[in-house]
Amino acid sequence: MAAGVRNWTPRRASLAVAAVALLALAARLLLLGDRVAHWDEARVGYWILDYARTGSYEYRPIIHGPFYHHVNAVVFSVLGPTDAAMRLVPAVVGGLLPLSALLLRERLRGGEQVALALFLAANPVLLYYTRFMRGDPLVGAFMFVAFGLFVRYLDTRAYRYVLAGVAFVALGFTVKENAPVYLLCWVGAAAVVAYFELFAAARRGESVSGVVERWLGLDRRRAVWRAALDRARAGDDQRTDDDRRTDDDAPRSNDDPRTIEDGGSPRGARRALAPLAVAAAAVAEFLAIVVFFYAPRSGDPDELGLGNALGDPAMWGPVVEAATLGSWRSFVEIWIDGSATEHGYLPYLGDYLLTLAFGAAMLCLFAVVGFLAESFAEERPRGLVLGTFAWGVASVLGYPVITDIKAPWATVHAVLPLAVPAAVGVALVYRWGRAAFASNDRLGVGVAATVLLLVSAQVGAMGATAVYLHPQSPENELVQYAQPAADLHPTLADVERAAATTEGTDVLVYGERYVDEHPSRSSAYRPACVKWFELLPLPWYFERGDVAVSCARTPAELDAMAERPPVVVADAGERTELRARFPGYEARTGKLRTTDSEVLFLVDTSRLPREGDRGPERRRR
């Protein structure tokens, strides 16, 4: 076992984690735009384009936080509004996430750090949804990194980790409203760790007060004070002026006796006030990030907006109020007082567990192994392992309560914390194998190697199948219902090609299934004549391609149209009627959802531009 531990020096572990992160980044960027936009991706993507076009934004809790609006608006301006570009930010964040294992290096062995990085890189749930423009992978990644930074602070007492952690917490709050759930999970996990610590202390005969003093660092403080008092009694008459200057200039920690001795000096006062200064800076940092993202924007210079407040200081108060209290009231109205989460618990829990069984079975199994191994270890159990296991279990039991739909992406919030005890479990098997190899135990080596190979093969095969080969299949448990089941990209590419070269209407949407009988929505919903949510994700593709859309709900309205558009979109049930009305058009079908909502495209391929043909220039809308 010792040989296995020595094998992973800090430098080798860090290099291995960095290599894993590079592979994770490559895996997330590979074929990033191949999957057709999910209903949710298309909805948020559309509103990002609307913000980029109008310059106006206000927080809408139903589409979650404003992070993507502001960040992807910049990404789209550089790379264009493509499916790959919309997913670039979560892919990059997810690809770099394995590096967070290094933040826990004081509490995890080298092999455990590498195993954690591998789980964060290759777990099918994380791999699938960090290639998806959804808030859950981002808020999970930001909060997990924040957790690692806070742990790093406890290990080093360097305040920079506190400020960095608060910044990541604030970013988590800008992505999705479940960020506060992470804070609650941390509190609960700390309570579990405290219980285990007190239980272990009682077995050792240690008093509760002694344990609490150790947690708060009071035992160290008392020793420091005692040393300082002893030194003061002894005096320092024997020391020269050079000795004093050398001691005064030497680096010191918060617990250094010299810090206690000069507590009344300006330097000592600054050190005593440092925690308060850091706390104030953390609060200011958190508010600045939240206000920047949540503050409304307006393309009208006279309306309330963050940019307008730069030229009108009197507007700052209302802008900050709208970004903080106003956003909170909107959130409460939808997600607390509303009925979005009113549903049966057991069906949602069953669906959650089914997704974990499909996409994270090995991770969950080894999380239990790691937890049990740590609980019954001869040495004092590590609070990190016990706490993250409790955090993961709480997420498994809690998210079926707070989610509004059965969504596989919610399992991200359990997979992330459970990856820590899972890494401990896998590293334990690895060390067993190393020890067996060192003692020439062929059976032990074979068992350990078989277990590790099976885990790798299962995770790799599941990831390849679910993420790359069948990312839209109804049989894929990682696919949520609102994901189109067919590859619509070739047809949508033809729609955009037609829009680039055609005058007038590019697409006609026909029939009661997709055309609104009384179009009364705001003009912000384009096309305004369609049942917008029913037709998603097509409005995202229409908007990004600047496609001119007209509607006909009935045959009479269809007959009244003077032009024949190059593309017709309708429910597949209208196929017979429309084929008779549009002879010569090529019929193509696909499903806008995993199992239903079959849509019909009729395409006049003779009117599609040839390669290099730009067609007539025209102004759009």
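Thr502 is located in the loop that joins helix H24 (489–501) to strand S1 (507–510), where helices (H or I, at least four residues) and strands (E, at least two) are DSSP runs numbered from the N terminus. The structure is a predicted model, in which local features need pLDDT of at least 70 and side-chain atom pairs count only at pLDDT 80 or more, while totals for chains, interfaces and linings use all residues. Residues are numbered from 1 along each chain as its sequence is written, and side-chain values use heavy atoms, with hydrogens and water left out.

With a relative accessible area of 9%, Thr502 is buried (under 20% relative accessible area, with a 1.4 Å probe and protein chains only). A polar atom of the Thr502 side chain lies 2.6 Å from the backbone oxygen of Ala498.

A search of the whole structure finds three cavities of 30 Å³ or more, a cavity being a set of points on a 1 Å grid over the protein atoms alone where a 1.4 Å probe fits but cannot get out, and lining residues having an atom within 4 Å of a point. A volume is the space filled by probe spheres set on the points.

The largest cavity has a volume of about 110 Å³, and its lining includes Asp40, Arg43, Tyr68 and Met133. Helix H3 (residues 39–54) provides the largest share of this lining, three residues.

The second largest cavity holds about 60 Å³ of space and is lined by 13 residues, of which Tyr348, Asp351, Tyr352, Lys406 and Ala407 lie nearest its centre. Helix H19 (345–359) and helix H21 (383–402) each supply at least two residues of this lining, and H19 gives the most, with four residues.

Notes
Buried means under 20% relative accessible area, exposed over 50%, partly exposed in between (1.4 Å probe, protein chains only). A polar contact is a pair of N or O atoms within 3.5 Å; within protein, one must be able to donate a hydrogen and the other to accept it, and residues adjacent in sequence count only if both atoms are side-chain atoms. On a 1 Å grid over the protein atoms alone, a cavity is a set of points where a 1.4 Å probe fits but cannot get out, and a pocket is an open set with protein on both sides within 12 Å along at least five of seven lines; lining residues have an atom within 4 Å of a point.
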